[in-house]
Amino acid sequence: MNFRLAAVALAAALLGGMVALAVLPGPREQVSRALPSAGQALVGGPFTLVDHTGKTVTDKDFRGRFMLIYFGFTNCPDVCPSGLQVMSAALDKLGAKADQVTPILITVDPERDTPEQLASYVSSFHPRLVGLTGSPEQITAALKAYRVYAKKVEDPKSSAGYTYDHTSLIFLMGRNGDYVAHFTHATSVERIAERLAQAL
Ligand code: NI
């Protein structure tokens with residue numbers, strides 16, 4: 001193998017490694033680094049789910065408004081509540097303009113997160129927070145569209161005996177449903193509010 005070929009092979013191997021890293025499931029509550037920083041149509045897409053009032057909704061029902069979407073579950077001890085808290089605080093900071101944004105929690109745990117369970121949970125974070133659940137197939141499809149990793153794992157400390165390892169990301173989607181930006185549960189309230197103000 002001559003030098004040039006070797007260099008090409010090395011570059012290909014490096015790229016392959018990066019791609020593999022980007023798609024492999026990571027540790028608990030990981031933050032994916034594979035996401036684009038600018039608005040590319042790589043994340044998001046159609047979904048059909050059931051809201052916390054028991055009504056079937058699709059992504060199209062949210063058109064014309066921004067969506068701030070967090071994937072998590074109501075039995076999550078700390079990370080999900082942090083994510084929902086910063087989302088809610090950022091909306092409060094925005095003031096009246098926040099009316100153009102629908103905050104949404106999509107559960108990764110449809111087994112425990114029934115519409116009833118979601119209803120009592122979402123109201124404790126924000127009066128307009130929409131909780132979405134669905135059949136395991138509907139949830140899997142939504143996770144796939146948003147490239148969110150969620151895996152059921154044994155947890156003897158939980159009364160149900162299991163918990164979820166999952167990506168902790170907050171997605172900002174535009175009025176047409178396209179990806180705009182993403183944050184994590186650790187992003188500051190100020191930073192999220194600033195980015196929202198810029199997008200609205
Ligand atoms: Ni969580």
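In what order do the seven strands of the open sheet stand? They follow E2-E1-E5-E4-E3-E8-E9, with mixed pairing.

## Before we dig in

This is a predicted model, so to speak of local features we need pLDDT of at least 70, while side-chain atom pairs count only at pLDDT 80 or more, and totals for chains, interfaces and linings use all residues. Residues are numbered from 1 along each chain as its sequence is written, and side-chain values use heavy atoms, leaving out hydrogens and water.

## The sheet

Helices (H or I, at least four residues) and strands (E, at least two) are DSSP runs numbered from the N terminus. Two strands pair if DSSP finds at least two bridges between them. At the edges stand E2 (56-58) and E9 (179-184), each with a single partner strand, so one side of each has no neighbour in the sheet. On average, neighbouring strands are turned by 35° against each other, direction ignored; axes are lines fitted to C-alpha atoms, for helices over the stretch in contact, and angles run from 0 to 180 degrees between N-to-C directions.

Seven of the seven residues of E3 are buried, so the strand is largely enclosed by the rest of the structure. Buried means under 20% relative accessible area, exposed over 50%, and partly exposed in between (1.4 Å probe, protein chains only). Phe66, Leu68, Tyr70 and Gly72 point one way, and Met67, Ile69 and Phe71 point the other way.

E3 runs parallel to E4, joined by seven bridges, and Ile69 stands opposite Ile104 in E4. With E8, E3 runs antiparallel through four bridges; here Tyr70 sits opposite Ile170.

## Helices on the sheet

Helix H2 (residues 79-94) lies across E3, E4, E8 and E9, running at about 165° to E3. Helix H5 (residues 189-199) packs on the sheet too, touching E3, E4, E8 and E9. Contact here means heavy atoms within 4.5 Å.

## Salt bridges

How many salt bridges does the structure hold? Three, each one being a side-chain nitrogen of Lys or Arg within 4 Å of a carboxyl oxygen of Asp or Glu. Arg63 meets Asp59 at 2.9 Å, N to O; Arg63 is partly exposed at 36%, whereas Asp59 is buried at 5%. Arg112 meets Asp109 at 2.7 Å, with Arg112 buried at 18% and Asp109 buried at 0%.

Lys152 and Glu111 meet at 2.8 Å. This pair links distant parts of the chain, 41 residues apart.
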